[in-house]
Amino acid sequence: MVHIVINTDGACLGNPGPGGYAASLVRVSDGIVVRKAIESGRAADTTNNQMELKAAIAGLQRIKRDETAPITLRSDSQYLINGMNDWLPRWRSNNWRSANGKPVKNVDLWQRLDALSTGLQITWTWVKGHSGDQGNEEVDSVASQQAHLAQAASQ
């Protein structure tokens with residue numbers, strides 16, 4: 001059986017401030033890793049939540065639109081996981097307004113994630129950050145490096 005695991009993380013030095021994100025994509029076939037890639041990036045002035053969303057976007061952008069393998073996207077961001085599992089359908093039906101009637105924050109990123117997810121079999125899973133989870137630790141390290149590079153570039 002083939003499946004894909006995407007680990008994502010975002011980091012921000014200050015909130016807002018310079019930030020970074022990372023996504024690790026692993027294609028597994030019959031228990032064997034057959035392909036692995038890491039996507040990452042940074043921004044000079046951003047928020048932690050924006051970097052968490054950008055990490056998921058970066059990972060999903062690597063997935064072909066006709067992919068049939070199930071995908072597990074893992075993140076330590078409850079904002080991302082709750083958004084995709086619980087809030088997104090209501091936001092869509094409420095014309096991208098939150099429960100209190102205000103516009104959804106980071107709506108452009110949420111809409112991009114919504115579009116990238118359409119047609120794919122994605123399970124959105126929360127993992128506890130900084131708890132020794134190898135996939136989470138790897139993307140946390142890369143995202144932090146990217147945030148520090150963004151900070152250095154802005155000085």
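The model is predicted, so local features need pLDDT of at least 70 and side-chain atom pairs count only at pLDDT 80 or more, while totals for chains, interfaces and linings use all residues. Residues are numbered from 1 along each chain as its sequence is written, and side-chain values use heavy atoms, leaving out hydrogens and water.

Let's start inside. A nonpolar core is a set of buried Ala, Val, Leu, Ile, Met, Phe, Trp, Tyr and Cys residues joined through side-chain atoms within 4.5 Å; buried means under 20% relative accessible area, with a 1.4 Å probe and protein chains only. The largest such core has 27 residues, and Leu 80 and Trp 110 are among those with the most contacts inside it. Several elements give two or more residues to this core, including helices H1 (48-61) and H3 (107-117), but H2 gives the most, with six. Helices here are DSSP runs (H or I) of at least four residues and strands (E) of at least two, numbered from the N terminus.

Contact means heavy atoms within 4.5 Å. Ser 117, found in H3, counts as buried because its relative accessibility is 12%. Not counting residues up to four places away in sequence, Ser 117 touches Leu 60, Met 84, Ile 122 and Trp 124.

Now to strand E1, where nine of eleven residues are buried. Two strands pair if DSSP finds at least two bridges between them.

| Pair | Sense | Bridges |
|---|---|---|
| E1 and E2 | antiparallel | eleven bridges |
| E1 and E4 | parallel | five bridges |

Asn 7 has Ser 24 in E2 as its bridge partner, and Thr 8 stands opposite Ser 75 in E4.

Methods:
Buried means under 20% relative accessible area, exposed over 50%, partly exposed in between (1.4 Å probe, protein chains only).
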